[in-house]
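Try each task before reading its solution.

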Amino acid sequence: EKVLEMVYYHYNEQITIEDAARLCGYGKSNFCKIFKNTVGESFHAYLNDFRIKSSEYLLRETKMSVDEIAVASGFADAKSYCRAFKTNMGITPGQYRKKG
């Protein structure tokens, strides 16, 4: 629960697996196993999914650029954001925005 709460409130910041593991009092490898068994996906995948879902609102409801949305959603840059978005959603952020 602590880790899910951390993602909810801090998804737009840089969060590492080490940060999450430390929060729970586990080592990195134990945390990764426990998280995947509990949530059903890796911590990194969960964090990216959460960030992508949060970015959907920004794409639909704002005129922010993809670069701005990438940073606001916690991605290092637009390239990594676009790659993650397409992997997750099957279309690019631009295509998603056009679909409205």
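**Exercise 1.** Find the ring under the charged end of R51.

*Solution.* This is a predicted model. Start at the charged end of R51 and look for a ring centre 5.8 Å away. That ring belongs to F75. The cut-off for a charge over a ring is within 6 Å of the centre and within 35 degrees of the ring normal. The charged end of R51 sits over the F75 ring.

**Exercise 2.** Classify the aromatic pairs Y11–F50 and F35–Y46.

*Solution.* A search of the whole structure gives ten aromatic pairs. Take Y11 and F50: their centres are 5.3 Å apart, with 55° between the planes. Planes under 30 degrees apart count as stacked, over 60 as edge-to-face, the rest as tilted. Y11–F50 is tilted. Now place the partners: Y11 is in the loop between α1 and α2, F50 in helix α4, 39 residues apart. F50 is partly exposed, at 22% relative accessible area.

Next, F35 and Y46. Their planes meet at 70° and their centres lie 5.7 Å apart, so this pair is edge-to-face. F35 is in helix α3 and Y46 in helix α4, eleven residues apart. Both are buried.

Terms used. Residues numbered from 1 in each chain as written. Predicted model: local features only at pLDDT ≥ 70, side-chain atom pairs only at ≥ 80, totals over all residues. Heavy atoms only, no water. Phe/Tyr/Trp six-rings, centres within 6.5 Å; stacked < 30°, edge-to-face > 60°. Helix = DSSP H or I, 4+ residues; strand = E, 2+ residues; numbered from the N terminus. Buried < 20%, exposed > 50% of the residue type's maximum accessible area, 1.4 Å probe, protein only.
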